[in-house]
Amino acid sequence: MYKVLIVDDEMLARVGIKSLISWEDHGFTVIGEAENGKQAYDFYMDNHIDIIITDIKMPVLNGIELIRKIRAQNDHIKFIVLSSFNDFEYVKEALKSGASDYLIKLEVQPKELLEQLKKIALTFKSEDALEAQLNKKQHTSIKEKSFLKEKFFRDLLYGWIRTNYEYEKRLSELDIDLPCGNVICLMFYTDSMKIYERYKEEEIHVLNYAILNLLNEIVSEYKYTFAMSTKTKQFIIIQYSEEGTEEEDTIKRAHQLANTIKAAIKQYLNLSICVSISQPVLTFNQITEAYKQLHAIHKYQISVNEEIMHYQDFCKMNQNIDIGGLDIDLQKLEDALRLYDDIEVEKELVHVRQTVEESASVSVEILKGYCSTIVYLLSSRKAKNASVWMTQQLKWIDKMVGKSDFLDWMTYIQKEWTKEQGDLSENSRVVTAAQRLLQANYATDITLESVANHLNLSPSYLSNLFKKETGEKFIDYLTRIRISQSKIHLRVQDYKIYEVGQMVGYDNEYYFSRVFKKHTGLSPRQYRSKQRV
């Protein structure tokens with residue numbers, strides 16, 4: 001029996017709700033009543049409750065305050081709010097605070113109340129099933145531990161672990177035993193033109209999983225070596241050496257691993273990659289510097305077509321080159337594109353051109369490398385035309401013979417960017433930015449509120465603008481992306497249904513299956529079976 005508490009400052013209203021249905025016949029029991037939020041809260045502190053049916057406007061502590069107070073301590077309890085015709089703003093606030101649904105106080109019908117209660121009961125059953133599934137996997141499943149381990153190494157790369165105490169504590173929690181020798185990092189991108197030619201944009205994520213699985217198989221043969229994908233199409237390997245290992249031997253071991261990875265990706269995926277290798281470091285808080293070295297190497301490596309490049313080689317090649325603030329400008333350009341700050345993008349394109357124009361001696365090969373980086377960065381904003389646009393620009397870059405060619409190309413890129421942005425209205429630009437955020441982050445818990453906050457807009461304004469510009473609601477657009485991606489995962493891999501749901505932003509398997517069926521007419525399992533017939 002699910003236990004119900006009825007809260008209303010009017011006795012007749014409480015009696016009316018209590019008398020509407022035969023509670024026990026449907027699996028519910030009313031265990032108490034309260035005439036205001038404070039009484040309800042005190043009752044909650046002494047009793048187990050599953051569902052609270054509460055009025056909004058009450059003395060001492062109103063319904064919204066009650067919901068917030070209990071919700072801060074207990075995610076299990078579900079709320080149904082009672083409202084009047086003129087209480088809609090309060091209803092919205094109650095739903096935002098955690099209420100499951102609402103009923104019009106003077107028009108409540110037995111059938112309507114029962115439907116809402118049954119809907120909540122289904123939610124409980126789904127949550128219980130999920131909790132049982134998690135408990136069955138004991139305290140930390142293999143997958144969860146793998147996720148936490150990857151997060152640990154990401155935090156090392158980003159420099160977010162700052163004290164030796166925190167480092168040792170997390171090693172202990174994850175049961176990871178690491179030596180105190182040299183640490184070296186490797187990185188490669190799968191961003192070549194062949195990727196764009198052979199895979200659709202929505203299939204890139206699936207390719208990412210395939211490469212990461214292959215990497216994990218390879219590094220399992222190497223002691224104290226860990227692989228991860230820090231973002232789509234970027235892969236990092238962190239390799240530890242035993243204490244006392246010479247730096248030269250650490251570098252040699254990393255080169256051996258790089259060659260193994262290159263050969264495997266060529267054999268199984270028919271892709272060629274360039275691997276960057278950092279300088280060995282001695283302490284955990286120096287790993288973030290090694291990560292920065294990898295990015296510096298990569299920006300240069302793609303221009304000289306070196307398949308494997310170590311940081312020492314990179315330094316030798318660049319020791320006499322004057323590039324001023326070009327690396328800084330390109331980092332700012334990447335940040336502006338990531339944040340969809342189109343005005344800042346235009347400024348940084350101007351800065352890049354100006355920096356090169358004022359530099360005394362920059363080799364053509366270096367310039368070509370930076371051009372390729374700019375093309376790669378800007379391609380993220382070209383949507384379906386990315387492949388064609390990149391091909392055109394790379395052909396142009398290949399023909400460059402001097403600094404003046406670079407300046408002419410940058411002038412063209414600036415004008416093209418300005419024109420494209422000018423062709424968009426302010427409203428279109430905002431909605432396009434929102435769509436790109438959804439496309440890049442659909443697998444997270446992204447919401448209307450988080451996107452609106454990112455764009456410095458109110459959620460209601462963005463919601464209305466999105467519908468006006470696209471003819472589609474914000475949540476419908478996000479759902480369409482998620483369902484489309486889930487179809488790919490269901491077709492090409494044998495992931496469990498709950499794993500597919502988590503990959504596209506749904507933590508609850510039951511809810512994911514319900515949404516999937518609503519949009520496709522089939523359950524995820526039925527869809528997978530039908531695709532494989």
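User: Helices here are DSSP runs of H or I with at least four residues, strands are runs of E with at least two, and both are numbered from the N terminus. Taking this predicted model, in which loop is the place of N456?

Analyst: N456 is not a glycine, yet it has a positive phi of about 60°. Most residues other than glycine have a negative phi. The place of N456 is in the loop between helix 19 and helix 20.

User: Is N456 buried or exposed?

Analyst: The cut-off for exposed is over 50% relative accessible area. N456 has a relative accessible area of 71%, so it is exposed.

User: What is the phi of D175, which is not a glycine?

Analyst: D175 lies in the loop between helix 7 (164–174) and strand 6 (183–189). With a relative accessible area of 62%, D175 is exposed. Its phi is positive, at about 55°.

User: How many helices and strands are there in the chain?

Analyst: The chain has 533 residues, of which buried residues make up 48%. Among contacts between residues at least 6 apart in sequence, 68% join residues at least 24 apart. The count for the chain is 24 helices and 10 strands.

User: Which residues have the most contacts inside the largest nonpolar core?

Analyst: The largest nonpolar core has 31 residues. Helices 18 (426–441), 19 (448–454), 20 (459–470), 21 (474–492), 22 (497–503) and 23 (509–520) each supply at least two residues of this core. The residues with the most contacts inside the core are L438, V451, L455, L462 and F512.

User: What is the handedness of the crossing of helix 9 and helix 21?

Analyst: On the helix 9 side H205, V206 and Y209 meet Q485, I488, H489 and V492 of helix 21. By class, this contact has 4 nonpolar, 3 polar and no charged residues. The crossing in which helix 9 passes helix 21 is right-handed.

User: How are helix 14 and helix 17 oriented to each other?

Analyst: The axes of helix 14 (residues 342–358) and helix 17 (residues 403–422) come within 10 Å and cross at roughly 170°. Angles over 145 degrees count as roughly antiparallel. Therefore the two helices are, to each other, roughly antiparallel.

User: How do the residues of the contact of helix 14 with helix 17 divide by class?

Analyst: Helix 14 contributes residues including V345, L349, R353 and E357, and helix 17 contributes residues including F406, M410, I413 and W417. The residues of this contact divide into 10 nonpolar, 4 polar and 5 charged.

User: How far apart in space are L333 and L349, C-alpha to C-alpha?

Analyst: L333 is placed in helix 13 (residues 326–338), and L333 is buried, with a relative accessible area of 0%. Leaving aside neighbours within four places in sequence, the contacts of L333 are V345, E348, L349, I374 and L377. L333 and L349 are 16 residues apart in sequence, and the C-alpha to C-alpha distance is 7.2 Å.

Definitions and conventions
Residues numbered from 1 in each chain as written. Predicted model: local features only at pLDDT ≥ 70, side-chain atom pairs only at ≥ 80, totals over all residues. Heavy atoms only, no water. Core = buried A, V, L, I, M, F, W, Y, C linked by side-chain atoms within 4.5 Å. Buried < 20%, exposed > 50% of the residue type's maximum accessible area, 1.4 Å probe, protein only. Left-handed = near helix turned anticlockwise from the far one by under 90°. Contact = heavy atoms within 4.5 Å. Nonpolar A, V, L, I, M, F, W, Y, C, P; charged D, E, K, R; others polar. Axes fitted to C-alpha atoms, helices over the stretch in contact; angles between N-to-C directions. Parallel < 35°, antiparallel > 145°, perpendicular 65-115°, else oblique.
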